[in-house]
Amino acid sequence: MLTGGDFPKYRGRMEYVCLGCGQRYDIRELLYTCPKCGDVFVLEDTTFDTLAEFPPSYWQSLFDKRAATRTTALRGIFRFHELTAPAVEEQDIVYLGEGHTPIIAASDALRESLGVPFFYKNDGQNPSASFKDRGMACAFSYLKHLVRANDWDSVLTVCASTGDTSASAALYAAYVGGPIKSAVILPKGKVTPQQLAQPLGSGATVLEVPGVFDDCMKVVEYLADNYRVALLNSKNAWRILGQESYAFEIAQWRAYDTYRTCVFVPIGNAGNITAIMGGFLKLKRLGIIPSLPRIFGVQSEHADPVYRYYAVSEPKKRRYQPVAVSPSVAQAAMIGNPVSFPRVKYFAEQYEKIGGPGSFQVIQVREQDIIEGMLLANRHGHISCTQGGECLAGLRAAVELGLVEPSEEAILDATAHHLKFIGFQEMYYTNSFPPEYGITPRSGFVNAPEAIIGDKDKATLSPADYTAKAAKAVVARLGLTGKG
């Protein structure tokens, strides 16, 4: 058996594998890019195929059983420990309540407006209010293991961020504490006040630099190349492993039948879409799911290098090029040179080999459609961020292009809680977007508070008269009639 007590015995044999030159490295080191060629890694369990000695029904029932476990180390993303990072020991696992986020059906009216049944997976209900916590739980568990194994007395974690990564990294560093300290590097003026408040509140050292995310990323890459720091962006292959849990949870929620399911994911730095493809491929490899769901990556026209690459129909003629970004309301996805693009290419090739043509596609959407996608979703009872709005815009575009049929079901990734991006809603309602966003509010989407009684009335009328006058004003505005 693979389990001993509640926690599994299986540890696998994990290695870093370079996607550029194929070189393999021991996981006992902090590595982010290949020392030989500089390309990014994936983490591979070289004994993974031994898990196939157990039938799919074994894994399905085991994961379902763990969904109700009281064992802390198995309550989050490590519910899928054997598939995620089996090298991590129980004592090192960090759990803050991440994972197991709800999948909510679109309201009837919203579903009818799109013409296809769909659901939001609300990853904004993770501890720091974004999907990044899935990856951080894995990265910090591995880091805790290294600290213990090497008896390190001080480790600085660093990340570049447009908000969500820094919030998550700072939160987990604060919780683990001890020798682990946190520093985050943000693009000055390009992070929402809500997102800036999070790492500050967790006690991280917050440093701002002029430019965009890609400029911040160059700084942390330099630090990781020249100093002993723990880089926590998606170059960190352990983060990718943690984010595979998104795919595992979808499969479990679908009772391990993902046939005619479409998953829409904002691309951003390309770590999440990489992880989701990797996760579904693992499930398929063990027969836990009989078929792969289709994956749709979504990018704004203001930051679309991956879309441009796949827009070329002939693979041999494709050439990847970074792009200069323009301001986007999908702020977390405003990245012109995703560090995980090599992983996207690697997993997309595997995905299409098994799932066939069209099993992986990339959709481009407009900024106007992104912000209105968020507003439309939330007006129908959801808690979508702008990236969730980007996914809704992507689904609408896919339906219009005939890429998704009414008989299919779509799952949209709301990567963060909408309150992190509430400033963009206000900018839409007040028509205060700078011209470079290319967004013009439409009256049907605008909502604003209305004054129904004068300020002077509060000071001059008696309490009873003031209440009566205010109530009458409400009645008139809402068109209420009596109970009779």
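This is a predicted model: local features need pLDDT of at least 70, side-chain atom pairs count only at pLDDT 80 or more; totals for chains, interfaces and linings use all residues.
1. Phe63 and Phe80 are both buried. The ring centres of Phe63 and Phe80 lie 5.0 Å apart, with the planes at 65°, so the pair is edge-to-face. The cut-off for that label is over 60 degrees. Phe63 belongs to helix H1, while Phe80 sits in the loop between H1 and H2. The two are 17 residues apart, and the pair links distant parts of the chain.

2. Tyr16 is in strand E3 (residues 14-18) and Phe41 in strand E5, so the pair ties together parts that are 25 residues apart in sequence.

3. The charged end of Arg228 sits over the ring of Trp152, 4.6 Å from its centre. Lys458 lies over the face of Tyr466, and the distance to the ring centre is 4.7 Å. Lys458 is part of helix H16. Its relative accessible area is 57%, so Lys458 counts as exposed. For a sense of distance, take Lys458 and Leu375. They are 83 residues apart in sequence, and their C-alpha atoms are 34 Å apart in space.

4. Now the salt bridges. How many does a search of the whole structure find? It finds 24. One of them joins Glu82 and Arg66, at 2.8 Å from N to O. Glu82 lies in helix H2 and Arg66 in helix H1 (residues 56-66), so this bridge ties together parts 16 residues apart in sequence. Both Glu82 and Arg66 are buried.

5. Lys469 and Asp457 form a second example, with their closest N and O atoms 3.3 Å apart. Lys469 is in helix H17 (residues 463-478) and Asp457 in helix H16 (residues 455-460), so the bridge connects parts that are twelve residues apart in sequence. Lys469 is partly exposed, at a relative accessible area of 42%. Asp457 is buried, at 15%.

6. Asp26 has 36% relative accessibility, so it counts as partly exposed. Arg28 is exposed, with a relative accessible area of 64%. Salt bridges can also join up: Lys121, Asp123, Arg134 and Glu249 are linked in a network.

7. Next, the open space. The largest pocket has a volume of about 470 Å³. It is lined by 24 residues, and those closest to its centre are Leu43, Glu44, Lys282, Arg285 and Phe347. Which elements each supply at least two lining residues? They are strand E5 (41-45) and the helices H2 (81-84), H8 (237-243), H10 (271-285) and H12 (341-355). By class, the pocket lining has 14 nonpolar, three polar and seven charged residues.

8. The structure holds two cavities of 30 Å³ or more. The largest cavity has a volume of about 230 Å³. Of its 23 lining residues, Phe131, Lys132, Gly268, Asn269 and Ala332 are the closest to its centre. Helices H8 and H10 are the elements that give two or more residues to this lining. The lining comprises nine nonpolar, twelve polar and two charged residues.

9. The second largest cavity has a volume of about 40 Å³. Its lining is Leu30, Ala139, Tyr142, Leu143, Ala230, Leu232, Asn236 and Trp238. Which helix gives the most to this lining? Helix H4 (residues 132-150) does, with three residues. By class, seven of the lining residues are nonpolar, one is polar and none is charged.

Definitions and conventions. Residues are numbered from 1 along each chain as its sequence is written. Side-chain values use heavy atoms; hydrogens and water are left out. On a 1 Å grid over the protein atoms alone, a cavity is a set of points where a 1.4 Å probe fits but cannot get out, and a pocket is an open set with protein on both sides within 12 Å along at least five of seven lines; lining residues have an atom within 4 Å of a point. Grid points are joined across faces, edges and corners, and a volume is the space filled by probe spheres set on the points. Helices (H or I, at least four residues) and strands (E, at least two) are DSSP runs, numbered from the N terminus. Ala, Val, Leu, Ile, Met, Phe, Trp, Tyr, Cys and Pro count as nonpolar, Asp, Glu, Lys and Arg as charged, and the others, Gly among them, as polar. A salt bridge is a side-chain nitrogen of Lys or Arg within 4 Å of a carboxyl oxygen of Asp or Glu. Buried means under 20% relative accessible area, exposed over 50%, partly exposed in between (1.4 Å probe, protein chains only). Rings of Phe, Tyr and Trp (its six-membered ring) pair if their centres lie within 6.5 Å; planes under 30 degrees apart count as stacked, over 60 as edge-to-face and the rest as tilted. A charge sits over a ring if NZ of Lys or CZ of Arg is within 6 Å of the ring centre and within 35 degrees of the ring normal.
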